[in-house]
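The sequence and the structure come next.

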Amino acid sequence: MSTKISRRTLLATGVAAITLPRFALASNPEDIMRKSREMRRGLTNSMADVTMTITARGRSTERKMRQYVLETSNSGNRVINVFSSPADVRGVSVLTHSALDGNDQQWLLLPSVGRVKRISSSNRSGAFVGSDFAYEDLSSFELEKFKFSAAANASVGGKTLIQVDYAPTYSGTGYAALRSYLDPSHYQPVQNHYFNRRGEHVKTLQLSRYKSYGGGAIWRPHLLVMTDHAKGSTTQISFSTFTATGTAESNFSANRFQRVS
Amino acid sequence: MSASPLDPKQHAHPRFARSLTRVLATYPRLALLCGVLVMAFAFSGLARLQADFSYAGYFHESDTWLQDFDRFEDTFGNDDSIIIAVQNTEGLFNPASIALLHALTDEMWQLPEVIRVDSLTNYQRAFAEGDDILVEPLIAPSAELSADFLTDREEIALSHETLPGYLVSPDGTMALLFGTLRPSGETAPDAAKVVAAARDLVARAEERGTGHTFHLVGAPMLVASFAEIAEADNAKIIPLLLLACVLIIFAVLRSVWCVVYAMVVIVTSALGVLGLAGWLGVQMTSITTVLPQIMIGVAVADCLHILVTYRLAQKDQPDRKQAALYALTKNVKPTLITTVTTAIGFISFSVSDIKTIAELGLAASAGVVLAWLLSYLLLGPLLLLLPFGGARAGEPMRLAPERTKTLVRWLAAYRKPILAGFAALILVGSFAGSQVKIDADPVAYFTEGHPLRNGVEAIDAGVGSARNIEIMIEAGCADCAKDPDFLRRVDTLEQWIEARSDVVQVLSIVDFLKASRRALNDGDENEYRLADTQSVIAQELLFYTMGLPLGLSVDNRISTQSDALRLTVMWRVSSSSQALQEIALIEEEAARLGLDATVTGKYALYQRQESYVVGSFLSSVGIALLLISGLLWMAFRSFKLAAIALLPNMTPLLIGGLGLWLLQENLNVGTVLVVSITLGIAIDDTVHILSEFQRLKRLGLSARQAFEGVFAETGVALCATTLVLMVAFGVSVFASFAPYQVFGILAAAVLFVALVVDLTFLPALLLPKDEGREDAKPKSAAWAETTVAPSATPKPSS
């Protein structure tokens, strides 16, 4: 029965028309997530201003950065984050090469120290600049990094969403399981639940302010709110509109990313 | 009830006493119903009873130290850790031990409520390797544990700036694993749950880790152990106490039914007080768990006075009902006065800065009133309604008239030595009391051999310390904690603290900043220092934090806003007096450096609570004495008697001080209760003696005859109740909560001495000089008529 409903939902969105062969397998979680991934890709080389607000027990602090993203066809995304605030880390820049196996590579430019350093990134679970986001939460979504277990329709707050359960297969993760709730209209997650190895629901990510680019083919959230239930803290990331005026593809490399500001 | 010619004493009872018993006699069933309702009300509070064995149970919400701590917890999270110590006397840097540490680290993450695990193996070290700079665990789980590698790691660990004295012992034979609990938030972490899982973990580790010794310590262990020993102590002590009550009461009354009546009141009072605690919102702590014990003692006293009078009166009054009415009437005034004085003694605790002591006083004073109500509304109707407990029972314990005469003559003859003896007691007691130190060690609250105490002692001897205090240093503005001048002053403070003799290690962000700088400068040892500008410091910090895995971030060392730092001081200081001194010195040094430092942490809270002890003690004893004297003045309507009544009640203070001094024990949250609790109870003896003395005098008896009368009835009841109370508190020597062992011995000693003083000092003071030598003639035939008949039963008690 749930299959029927999801089929009907799919039909209603009309997007299934492009991928008819896969339509029959729409309740397959991996297919759903593949579709989800496809529907957010396409801004090959983009740039956005990012404001991150970390709030813990009523007090908050803000970090600002400019983010450049280069999508690649056969490997993970390449991202450059350049900090503009707080003032003492202005100009600090981080280059990340996401890898399909989850073993990302990172380089850090510290202008005051005057050096570019490669960072050991075996710790995928670490918090990104003191926020409630781990690096792995921000790393590009690649099907190869997960094992998908189930998909079903779920009613959340009166809306019917597609619930997908999956688990990371890469080393160094902090999670035992993940659960995404996708909006059937654009297949993008509106809520992610993160479970630790004790099986506890430790974090929740709410994704909202979805906007479409490329004539409705590419969907991107512009507000992410991550809540850490154990610590009781939240981190909000808001993106400006993504622009195609990124930086040259060649700048996404370890010896050139310091030119980007 | 009409005045019976067989009960000529009745006219000497106060009118309210006669009215009360008249109502009891007329409507015994209604009275019983009221008694049952009171009981039901008290019991219904049991469902509301809550326990809090954590630090919070000791502090009022408005306490500034508690508020300081809450601010600290808001900024840096919980400072509670469950700590596992692993020891291998052969050294830990071998594949088996390291594998064990890896497994333990991993399993500790799985413990409930744990959000962070710090261990020797997962310590995040910043270092340079060739062109790369790395932030990596000291020994990663994936590392190949070759002999060379392990020797290298041992060298790094033991010469590290932070690790020895924190996560590893200086000789590399013991390692500590810290599992930090989540912050309190809406509900505090469940210590019992953490401890149960941790014990399970250690039990499993003991199975596979042959050659290793394990210890489990830390704040959750302290909290859980307090709860466990409180429960175990009550399970051990209460049945013992009830059994002793049955035996003593039977020995005195020689009537099975009277024992049953008494036990009904005693057991319902002991349970009822917990119900009242529930209604009053009083939480169970290591301190308040003593409530049932107190209540058993108080209820026994009320019942025994009534029942001893009843049994003795049966000799001359064959009608059960009349004997019961006489006993009930005679005791209304003294039991009411003692109830109020005892209640005042307890309610005076409520000014205490130590929350649990204030709450103990509140619940105990309500319980004292409950015990009196139940004595009159349960025991009274039972005596009047049930046809049991008659004269056919055995001969009750009594004092032969010639013995009372001898005793009184003897007391009159030795007036001066008795008074001199009391004066000597005052001198010795005051001197000893002034020598008593105020000190405590929460760990030493557990008796020797308790696993927690063993663990702490083993860690003190190995790694150095499992006790930590926390210092929050506020920079004043966002990002100012990265200011080099501020950090240099923090560094100076840290080094100053580390130089203190009992300090093993101080942890702070400064250590990480220096290590990061060294790593960024290709491992140059000269660069193990703070940078000169804020932007360099901020970027070094960012570099370090970018390499940290989940749960090991530095948000427990520097606030999210970068406006405050945290210093954790691992020290060996065990006594609260030394801790308070050291804390004061640290605060002084911080102020000298111009740092806004707040010393806090759970351990500091436990220690600081002891500084409230003296204030609590003085104010509660002072208020109690003041209120009690006022009450006695009103009750006796005689300033002289009220003043005299106060004198013997310095005994609890004197014996308490003397006892602590002789036992070489300190005044702390447990032992301070001795004086406060016994004060309210010891004064009962005085009240009973003086009230009966005054009544008999008003009948026209001489002072000497009056005392003979007092000894004959009241004296027996007093000896019996004191015996029960001595047992009631004395059984605490079997407690596992060490302060209660001392409390038990001292309370029993105080009550014994208090009775001896009351029975000797009061007559010595009130008997006229000449009366000792000549026999005054009885002025009242009525007295002679009811004087107890000669009996073969000797007086074995006291």
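Which domains does the domain assignment of chain B give? The model is predicted, and the assignment gives domain 1 (1-48 + 255-387), domain 2 (64-221 + 449-608) and domain 3 (402-440 + 610-774).

**Domain 2 and domain 3**

- The C-alpha centres of domain 2 of chain B and domain 3 of chain B are 52 Å apart.
- Contact between these domains involves seven residues of domain 2 of chain B and seven residues of domain 3 of chain B.
- On the side of domain 2 of chain B that touches domain 3 of chain B, helix H18 (576-592) and helix H19 of chain B each supply at least two residues.
- H18(B) gives the largest share of that side, three residues.
- By type, that side of domain 2 of chain B has one nonpolar, five polar and one charged residue.

**The four-stranded sheet**

- Four strands of chain B form an open sheet in the order E10-E11-E9-E12, with antiparallel pairing.
- Strands E10 (503-507) and E12 (596-600) of chain B each have a single partner strand, so one side of each lacks a neighbour in the sheet.
- On average, neighbouring strands of this sheet are turned by 20° against each other, direction ignored.
- E10(B) and strand E11 (residues 564-571) of chain B run antiparallel and are joined by four bridges.
- B:Leu507 has B:Thr568 in E11(B) as its bridge partner.

**Helices on the sheet**

- Helix H15 (residues 484-498) of chain B packs on the sheet and touches strands E9 (467-474), E10 and E11 of chain B; the direction of H15 makes about 160° with that of E10(B).
- Helix H19 (residues 602-609) of chain B also packs on the sheet, where it touches E9 and E12 of chain B; the direction of H19 makes about 105° with that of E9(B).

Terms used. Residues numbered from 1 in each chain as written. Chains lettered and ligands numbered in written order. Predicted model: local features only at pLDDT ≥ 70, side-chain atom pairs only at ≥ 80, totals over all residues. Pairing = 2+ DSSP bridges. Axes fitted to C-alpha atoms, helices over the stretch in contact; angles between N-to-C directions. Contact = placed C-beta atoms within 7 Å. Domains from an automatic or database assignment. Nonpolar A, V, L, I, M, F, W, Y, C, P; charged D, E, K, R; others polar.
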